[in-house]
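Q: Can you walk me through this one? I have the coordinates open and want the main points.

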Amino acid sequence: EATKIILAYLARAGKGFSGPEEEEAKQAEHNTDATIEKQVLDSNPLLEAFGNAKTFKNNNSSRFGKFIQVNFNPTGMLHSASIVNYLLEKSRICFQYGIERNFHIFYQVLGASKVPRSAQAPLMKKFVAKYRLLDIEDYHYVNQSDVQTIPDVDDVADFELTL
């Protein structure tokens, strides 16, 4: 949530750094600002799917860090952004305690593969057909704990957001 607020502020603050003679250029770049801001924010479900997991403390614990570099052009307008992420807890991939769960992406993918084909979104159909996935119990990295689902979390819907 903090990322959304800060990025929105930076995108809007940059609009006030130039003089009146650059107003036309600012208007043209306004759409670019919104696009860059949206792209960075839209990447969040993907980063969280690969970097968050259920731990004994909470259902959506971040096990990754991310660094967002926001770049401005000479007039102070938002120009581009890049994201660097890194896993803080790589051991979670190999082992989970009984009350924990591996990274969300694994359960999202496997849950999506069980949705009837007629109810799958087009991109999901391609993904499921390509990988011919089995049940959670068939994969060692996700069957070690006693927790495959989280109450009030729809892994299939979250996977559609991730796609």
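A: Start with Tyr 86, which lies in strand 4. Bear in mind that this is a predicted model.

Q: Is Tyr 86 buried, exposed or partly exposed?
A: Tyr 86 has a relative accessible area of 44%, so it counts as partly exposed.

Q: What does Tyr 86 touch, leaving out residues up to four places away in sequence?
A: Phe 64, Gly 65 and Lys 66. Lys 66 is 20 residues from Tyr 86 along the chain, and their C-alpha atoms are separated by 6.4 Å.

Q: How do strand 3 and strand 4 run, and how many bridges join them?
A: They are antiparallel, and nine bridges link strand 3 (residues 64–72) with strand 4 (residues 78–87). Within strand 4, Ser 80 is the residue opposite Asn 71.

Q: Which residue in that hairpin takes a positive phi?
A: Gly 76, with phi near 90°. The hairpin has five residues between strand 3 and strand 4.

Q: Back up a bit. What does the secondary structure of the chain come to?
A: Seven helices and four strands. In sequence order the pattern is α-α-α-β-β-β-β-α-α-α-α.

Q: How much of the chain is buried?
A: Of its 163 residues, 34% are buried. As for contacts between residues at least 6 apart in sequence, 60% of them join residues at least 24 apart.

Q: Which residues make up the largest nonpolar core?
A: There are 11: Ala 49, Ala 53, Phe 103, Ile 105, Val 109, Ala 112, Val 115, Met 124, Val 128, Val 156 and Phe 159. At least two residues come from each of helix 4 (104–112), helix 5 (122–131) and helix 7 (155–162). Helix 4 gives the most, with three residues. Another core, of six residues, lies apart from this one, and Leu 7, Ala 11, Ile 36 and Leu 78 are among its members.

Q: How many residues of helix 4 are buried?
A: Seven of its nine, so helix 4 is largely enclosed by the rest of the structure. The buried ones are His 104, Ile 105, Tyr 107, Gln 108, Val 109, Leu 110 and Ala 112.

Q: And what covers the buried residues of helix 4?
A: The cover includes helix 3 (44–51), strand 1 (52–53), helix 5, helix 6 (140–143) and helix 7.

Q: Take helix 7, then. At what angle does it pack on helix 4?
A: About 105°, with the two axes 8 Å apart. Angles of 65 to 115 degrees count as roughly perpendicular, so helix 4 is roughly perpendicular to helix 7.

Q: Which residues meet there?
A: From helix 4, Ile 105, Tyr 107, Gln 108, Val 109, Gly 111 and Ala 112; from helix 7, Asp 155, Val 156, Asp 158, Phe 159 and Thr 162. By class, the contact of helix 4 with helix 7 has six nonpolar, three polar and two charged residues.

Q: What about helix 3 and helix 4: how do their axes cross?
A: They cross at roughly 105° and come within 5 Å. Helix 3 and helix 4 are therefore roughly perpendicular. Glu 48, Ala 49 and Phe 50 of helix 3 meet His 104, Ile 105 and Gln 108 of helix 4. That contact of helix 3 with helix 4 divides into three nonpolar, two polar and one charged.

Q: Where is Asp 146?
A: In the loop between helix 6 and helix 7. Asp 146 is exposed, at 67% relative accessible area.

Technical notes
Residues numbered from 1 in each chain as written. Predicted model: local features only at pLDDT ≥ 70, side-chain atom pairs only at ≥ 80, totals over all residues. Heavy atoms only, no water. Core = buried A, V, L, I, M, F, W, Y, C linked by side-chain atoms within 4.5 Å. Buried < 20%, exposed > 50% of the residue type's maximum accessible area, 1.4 Å probe, protein only. Axes fitted to C-alpha atoms, helices over the stretch in contact; angles between N-to-C directions. Parallel < 35°, antiparallel > 145°, perpendicular 65-115°, else oblique. Contact = heavy atoms within 4.5 Å. Nonpolar A, V, L, I, M, F, W, Y, C, P; charged D, E, K, R; others polar. Pairing = 2+ DSSP bridges.
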